[in-house]
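Biologist: I would like to learn how to read helix packing and nonpolar cores. Please walk me through it.

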Amino acid sequence: MMSNNENQRSSGILNSLKKLIFEDDQTSSAPQSPAPAPAAPTQEKLNTPTPTYTSVTPPVATGKTPPPIPITANDGSTDLKEMKLKVYAILEKLNEQGVDFFEVWNAAAAMGKVEENTLKAAYTSLKFVDSSLSKEKLVATGTNYANKLKETIAKESDQKQEEKKRTEQDRTMEIANLNSEIKALTENITKLQDDLQKKQVALGQINEKYEPKIKEIEQKIAIGNAAVGEVITEINNALHMINQSIT
């Protein structure tokens, strides 16, 4: 892990490359100015032992266009330029001690654009500062940084794939739950509709159901009243005759 001093040194190592991200559109149309001399590395970095590289393992060419770097920003940012800044920040943390590909790359960028002539000029200038600098070292360290970056991004991509998988599982589960609830509600609605229809039919038949009974009762009342009336008449007649014939 890098110390605070090392972090301070590395935080600016790719400033020129970061700046180029936002100047690409301007530099494509603006006239090229003379390339300034690259800045020399700090004495502290020069005094650090330089790693020895015995072999170079270049990336294997597959003939396919590599996929874009996964968008893994926690803030949901999808801007490519902002994401490149995050990738450069990862690279800065991977920076090794000594003058190597990093310094040459950034020095070339400081000249306005990373291309053959600026890379060669940066290499020539930094070669005077650190005699151990060589083409083999540039290729080895550059390849090493690329491989480490791939490993870092692959790990983060795997984590995001797991997060994506969990999110998709949550979505699938919620869809299943919602479909189940919708089915239950639909069945309830269907039952309620059936019940409503039955009640409406029953309501329409209510008079037909009770009218005969009501008429029957009315008829009984009428007959009862008539019978009582006749009997009372008979009683009244008898009482009249009693009053007339009995003294």
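Biologist: How do the axes of α6 and α8 cross?

Modeller: Two packed helices are described by the angle between their axes and the distance between the axes. Here the α6 and α8 axes come within 8 Å and cross at roughly 90°. That makes α6 roughly perpendicular to α8 (65 to 115 degrees; under 35 is roughly parallel, over 145 roughly antiparallel, the rest oblique). Axes are lines fitted to C-alpha atoms, for helices over the stretch in contact, with angles from 0 to 180 degrees between N-to-C directions. Helices are DSSP runs (H or I, at least four residues), numbered from the N terminus.

This is a predicted model: local features need pLDDT of at least 70, side-chain atom pairs count only at pLDDT 80 or more, and totals for chains, interfaces and linings use all residues. Residues are numbered from 1 along each chain as its sequence is written, and side-chain values use heavy atoms, with hydrogens and water left out.

Biologist: Which residues of α6 and α8 meet?

Modeller: Phe101, Phe102 and Val104 of α6 meet Leu138, Thr141, Gly142 and Tyr145 of α8. Contact means heavy atoms within 4.5 Å. By class, that contact has five nonpolar, two polar and no charged residues. Ala, Val, Leu, Ile, Met, Phe, Trp, Tyr, Cys and Pro count as nonpolar, Asp, Glu, Lys and Arg as charged, and the others, Gly among them, as polar.

Biologist: At what angle do α6 and α7 pack?

Modeller: About 125°, with the axes of α6 (residues 101-110) and α7 (residues 116-129) 8 Å apart. The two are therefore oblique to each other. Glu103, Val104, Trp105, Ala107 and Ala108 in α6 meet Thr118, Leu119, Ala122, Tyr123 and Leu126 in α7. That contact counts eight nonpolar, one polar and one charged residues.

Biologist: Which residues form the largest nonpolar core?

Modeller: In soluble globular proteins, nonpolar side chains tend to be buried together. A nonpolar core is a set of buried Ala, Val, Leu, Ile, Met, Phe, Trp, Tyr and Cys residues joined through side-chain atoms within 4.5 Å. Buried means under 20% relative accessible area (1.4 Å probe, protein chains only), exposed over 50%, partly exposed in between. The largest core here has nine residues: Val99, Val104, Ala107, Ala108, Met111, Ala122, Leu126, Leu133 and Leu138. α6 gives the most, with three.

Biologist: What does leucine 138 contact?

Modeller: Asp100, Phe101, Val104, Tyr123 and Leu133, leaving aside neighbours within four places in sequence. A second, separate core has eight residues, including Val87, Tyr88, Leu91 and Tyr145.
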